Amino acid sequence: MNPNWQAFLTAHGAHFDNQQVAHFGQTDIELAAASHGTILADLSAFGVIGFHGEETVTFLNNLLSSDVRKLDITHVQWSSFSTPKGRMLASFLIWRDNENYLLQLPRELREGMQKKLSMYILRTKTRAENLSNELVLLGLAGPQAAALLTTHLGEVPADTMHSIHHHGVTVIRLGIDRFQLAMQAELAPTLWEKLAAEATPVGQSGWSLREVQAGTPWITPATQEQFVAQMANMELIGAVSFNKGCYPGQEIVARTQYLGKLKRRMYLVHIDQPDVKAGSELYSPEMEGQAIGMIVNAAPVPNRGVDALAVIQMSSLPHGIHLGSPEGPLLTIKTLPYSVS
């Protein structure tokens, strides 16, 4: 994490846990704001790998599940990188800054994935660099988010998964009222103070709740190599192209789409229990102790428990899904903002 930015946040009441903001000292207020209000979050939980060079587009397109050739300066993509067996090692948010291609992923995966992707560079004219401490990422979400950004930056993207670039700040529209900002660290304090005057600063869990409820999964160390892209709904959020050509795991992804029958899908669920972790296994009474799914991401909600994204064996849904054991807490299925067939 950029030390100057961390010092600024500390001076403004941030409490840190493992180099990410845990809270600003008002956890109940922050949790309530994350559910219904307008929130401002530091996103140091994420790292950024920058790629640049004249063959970058071809390089990334040959490795990732999305069609990177279609990523122009105004568009943003979800994407993923998988093993040859089609199991996801990482999910990404990708955008462009001039000729640079920026891949955002959980910070704890950044170093390993940068090494992994760099192994494929060989003589390709592209370079990878760690921009995690150079850039500051902010999240702004809620009913006043668009108006706040318009007031302080002049405009916002009109459509989701689009971006604009305004005096060194990249504004990405992730949803109707959900935005991400990327900027050099020296620009962040002034913008933070303007936005925090009207939005509630929250810890990482506040932002994670909005992402969980939006149905956008992040692969973490606990869930690497657990899911084929379609199990985590990646094709439903535009992270998979089925006509772009080959990439690691493409054969499995295509076979699942056209020849196989998808047996697991990702659902939004509520669990009336705190501290649910990514990678926790799920069970159903009819499967006699065999795990039938896994928690992908989870975030606390105001009253009790968590909302979570969970990959679940679809045939087990009518029998009830439980956390940790067939007798564990029962999951309540909620509605995602997109259709799951």
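Student: Before anything else, what counts as exposed here, and what counts as buried?
Tutor: Exposed means over 50% relative accessible area, buried means under 20%, and partly exposed lies in between. Keep in mind that this is a predicted model.

Student: Then is E54 buried or exposed?
Tutor: E54 has a relative accessibility of 67%, so it counts as exposed.

Student: Where does E54 lie?
Tutor: E54 is in the loop between β4 (46-52) and α3 (56-61).

Student: How many residues separate E54 and M119 in sequence, and how far apart are they in space?
Tutor: The sequence separation of E54 and M119 is 65 residues, and their C-alpha atoms are 18 Å apart.

Student: Other loops. Which one holds Q19?
Tutor: Q19 sits in the loop between β1 (15-17) and β2 (20-23). Its phi is positive, about 60°, although Q19 is not a glycine. With a relative accessible area of 41%, Q19 is partly exposed.

Student: And N98, what is its phi?
Tutor: Near 55°, again a positive value in a residue other than glycine. N98 belongs to the loop between β6 (88-97) and β7 (100-106).

Student: Why is N98 called exposed?
Tutor: Because its relative accessible area is 55%.

Student: Now the inside. How many residues are in the largest nonpolar core?
Tutor: The largest nonpolar core has 49 residues. W78, L93, W95, F227 and M234 have the most contacts inside it.

Student: What does W95 touch?
Tutor: Leaving out residues up to four places away in sequence, W95 touches L71, H75, V76, N100, Y101, L102, Q104, L137, T170, I172, Q180 and A182. There is also a second, separate core of 28 residues, with F8, A145, L181 and L191 among them.

Student: Helix packing next. What do you quote for a pair of helices?
Tutor: Two packed helices are described by the angle between their axes and the distance between the axes.

Student: So what are the values for α1 and α6?
Tutor: Helix α1 (residues 3-11) packs against α6 at an angle of about 25°, with the axes 11 Å apart. That angle makes α1 roughly parallel to α6. The crossing of α1 past α6 is right-handed.

Student: Which residues meet there?
Tutor: From α1, W5, F8 and L9; from α6, A188, P189, W192 and E193. By class, the contact of α1 with α6 has 6 nonpolar residues, no polar ones and 1 charged.

Student: And how do α5 and α6 cross?
Tutor: The axes of helix α5 (residues 145-153) and helix α6 (residues 188-196) come within 10 Å and cross at roughly 135°. That makes α5 oblique to α6. Here too, α5 passes α6 in a right-handed crossing.

Student: What makes the contact?
Tutor: L148, L149, H152 and L153 of α5, together with L191, K194 and L195 of α6. The contact of α5 with α6 divides into 5 nonpolar, 1 polar and 1 charged residues.

Student: Which residues of α7 are buried?
Tutor: Q204, G206, W207, S208, L209, R210, E211, V212 and A214.

Student: And what comes just after α7?
Tutor: G215, which takes a positive phi of about 75°.

Note on methods: Residues are numbered from 1 along each chain as its sequence is written. This is a predicted model: local features need pLDDT of at least 70, side-chain atom pairs count only at pLDDT 80 or more; totals for chains, interfaces and linings use all residues. Side-chain values use heavy atoms; hydrogens and water are left out. A nonpolar core is a set of buried Ala, Val, Leu, Ile, Met, Phe, Trp, Tyr and Cys residues joined through side-chain atoms within 4.5 Å. Buried means under 20% relative accessible area, exposed over 50%, partly exposed in between (1.4 Å probe, protein chains only). Contact means heavy atoms within 4.5 Å. Axes are lines fitted to C-alpha atoms, for helices over the stretch in contact, and angles run from 0 to 180 degrees between N-to-C directions. Helices (H or I, at least four residues) and strands (E, at least two) are DSSP runs, numbered from the N terminus. Angles under 35 degrees count as roughly parallel, over 145 as roughly antiparallel, 65 to 115 as roughly perpendicular and the rest as oblique. A crossing is left-handed if the near helix is turned anticlockwise from the far one by less than a right angle, and right-handed if clockwise. Ala, Val, Leu, Ile, Met, Phe, Trp, Tyr, Cys and Pro count as nonpolar, Asp, Glu, Lys and Arg as charged, and the others, Gly among them, as polar.
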